[in-house]
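Please look through the sequence and the model before reading on.

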Amino acid sequence: MNLQGQRDLLLLTEVERDGGVTQRSLAAKLGVALGLANLYLKRLVRNGHIAITTIPSHRVRYVLTPEGAAEKSRLTFLHMEYALSHYRDMRARLREALSHMARNGMNRVVIYGTSELAEMAYLSLREMQMTLVGFVDDGRQESFLSYPVWSSDVLREWQFDAVLLANFDQQAGVRTKLEHQQVPDSKIIALTLSV
């Protein structure tokens, strides 16, 4: 699904949810300038996906047309298809990375992070019968997947073969934190988009 399709889906969803939504709030949700949000809305109106009413006369209200509902359904399907494809791809990459770790005797794993990627890593660990030592996250929450979440200072006490970085952003900062906890670089496995 391309960027325009993602924006159209968001706009159609918001208009369906609240016809009185403002262009300013739509621009904020899209992360674009107000003028650009206006152009996107005008394109959807031109394509017959959204109708504009003015009731009362000083207030604009957007209405999703039957064509707009059909387009929203089509875009939702494409988005789900893309998301599932991405999920399958990431699971395959995780299995490949974990297989490599297991072949190198790295079976006791700490997962650093509590994102959707950490959840996929956990499921992949279980499938491969590797051992989860625990979840670590310094911007931590109390628990994740019914496991307690610890700060990285516990790594000095834990016995593990590898720390799997289950996040795509701030990996350099996390590596620095792990170095302060005396985790050797050879035990840090970073998951990237190009695993």
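Which exposed residues does the face of α2 turned away from its buried side carry?

## About the model

This is a predicted model, in which local features need pLDDT of at least 70 and side-chain atom pairs count only at pLDDT 80 or more, while totals for chains, interfaces and linings use all residues. Residues are numbered from 1 along each chain as its sequence is written, and side-chain values use heavy atoms, with hydrogens and water left out.

## The two sides of helix α2

The face of α2 turned away from its buried side carries Arg 24 and Ala 28, which are exposed. Here exposed means over 50% relative accessible area, buried means under 20%, and partly exposed lies in between, with a 1.4 Å probe and protein chains only. The helix covers residues 23–30, and Leu 26, Ala 27 and Leu 30 are buried in α2. Seen down the axis of α2, these buried residues fall within an arc of 100°, so they line one face of the helix; the arc is that of the directions from the helix axis to the C-beta atoms. An α-helix has 3.6 residues a turn, so residues three or four places apart point the same way.

The buried residues of α2 pack against α1 (3–17) and α3 (34–46), where a contact means heavy atoms within 4.5 Å. After α2 comes Gly 31, whose phi is positive, near 75°.

## Positive phi outside glycine

Gln 129, a residue other than glycine, has a positive phi near 55°, and Gln 129 lies in the loop between α5 (116–127) and β4 (131–136). With 71% relative accessibility, Gln 129 counts as exposed.

Leu 145 is also a residue other than glycine with a positive phi, near 55°, and Leu 145 lies in the loop between β5 (143–144) and β6 (147–150). With 30% relative accessibility, Leu 145 counts as partly exposed.

## The chain as a whole

The protein chain has six helices and eight strands; helices (H or I, at least four residues) and strands (E, at least two) are DSSP runs, numbered from the N terminus. Of the 195 residues of the chain, 39% count as buried.

The radius of gyration of the protein chain is 23 Å, whereas a compact globule of 195 residues would have one near 16 Å. This radius is taken over C-alpha atoms, and the globule rule is 2.2 Å times the number of residues to the power 0.38. Along its principal axes, the C-alpha trace spans about 70 × 30 × 30 Å.
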